[in-house]
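Please keep the sequence and the model at hand while reading.

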Amino acid sequence: MTNLDYQATLQKMATTLKEADYVIVGAAAGMSAAAGPDWYNPGDLWGFKLSLIHFVLHEPVYQPYQDLKAILKDKDYDLITTNQDVQFSKAFPDKDVATIQGDWSYFQCADKCHD
């Protein structure tokens, strides 16, 4: 794809989005990866997981999510995501976000006997 093709595609997408009555956004790990966080920790498995969860829960909302929020500002929309890093939950109202694989702010025992 040439730069001109890319620009034309972006313009078409922007026009379509502007004219849309309702938007459904499906997003996955690329949204957070685009922000460039470094999630590497050479510690043991549980040390890594706990460090990662602490990092994720205390990170500010990444720029791609802020950009998406600005794009959707005056639109009716719903978001569906497999992201578990709580970025969508931080950036958008809970009523608009379906985290279909859960997120790292909620834990449940393996027996599902209690939260």
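Leaving out residues up to four places away in sequence, Gln87 touches Ser32, Glu59, Pro60, Val61, Tyr62 and Tyr65, where contact means heavy atoms within 4.5 Å. Gln87 is found in helix H5, and at 1% relative accessibility this residue counts as buried; the term buried stands for under 20% relative accessible area, exposed for over 50% and partly exposed for values in between, with a 1.4 Å probe and protein chains only. Helices (H or I, at least four residues) and strands (E, at least two) are DSSP runs, numbered from the N terminus. Gln87 also lies 8.2 Å from Val56, C-alpha to C-alpha, although 31 residues separate the two in sequence. Val56 belongs to helix H3, residues 45-58, and is likewise buried, with a relative accessible area of 1%.

The model is a predicted one, in which local features need pLDDT of at least 70 and side-chain atom pairs count only at pLDDT 80 or more, whereas totals for chains, interfaces and linings use all residues. Residues are numbered from 1 along each chain as its sequence is written, and side-chain values use heavy atoms, with hydrogens and water left out.

The chain holds five helices and three strands, and read along the sequence these follow the pattern α-β-α-α-α-β-α-β. Strands S1 and S2 run parallel and are joined by six bridges, and S2 is in turn joined to S3 by three bridges, again in parallel; two strands are taken to pair if DSSP finds at least two bridges between them. Individual partners across these strands are listed here.

| Residue | Partner | Strand of the partner |
|---|---|---|
| Ile24 | Asp78 | S2 |
| Gly26 | Ile80 | S2 |

Which residues have the most contacts inside the largest nonpolar core? They are Val25, Leu68, Leu72, Leu79, Phe88 and Phe92, in a core of 14 residues, a nonpolar core being a set of buried Ala, Val, Leu, Ile, Met, Phe, Trp, Tyr and Cys residues joined through side-chain atoms within 4.5 Å. Two or more residues of this core come from each of strand S1 (22-27), helix H4 (63-71), strand S2 (76-81) and helix H5 (87-91), and S1 gives the most, with three residues. In soluble globular proteins, nonpolar side chains tend to be buried together.

Leu68 shows how these parts meet: leaving aside its neighbours within four places in sequence, Leu68 is in contact with Val25, Met31, Leu79, Phe88 and Phe92. The buried residues of H4 are Pro64, Tyr65 and Leu68. Seen down the axis of H4, these buried residues fall within an arc of 100°, so they line one face of the helix, the arc being that of the directions from the helix axis to the C-beta atoms. They pack against S1, helix H2 (30-33), S2 and H5.

Aromatic rings make a further set of links. Rings of Phe, Tyr and Trp (its six-membered ring) pair if their centres lie within 6.5 Å, and planes under 30 degrees apart count as stacked, over 60 as edge-to-face and the rest as tilted. By this rule the count comes to four aromatic pairs. The rings of Tyr77 and Phe92 have their centres 5.7 Å apart and their planes at 75°, so this pair is edge-to-face. The pair links distant parts of the chain, with Tyr77 in strand S2 and Phe92 in the loop between H5 and strand S3 (97-99), 15 residues apart. Both residues are buried, Tyr77 with a relative accessible area of 14% and Phe92 with one of 3%. Ring pairs link Tyr62, Tyr65, Tyr77, Phe88 and Phe92 into a cluster.

For the chain as a whole, buried residues make up 23% of the 115 residues. Among contacts between residues at least 6 apart in sequence, 52% join residues at least 24 apart.
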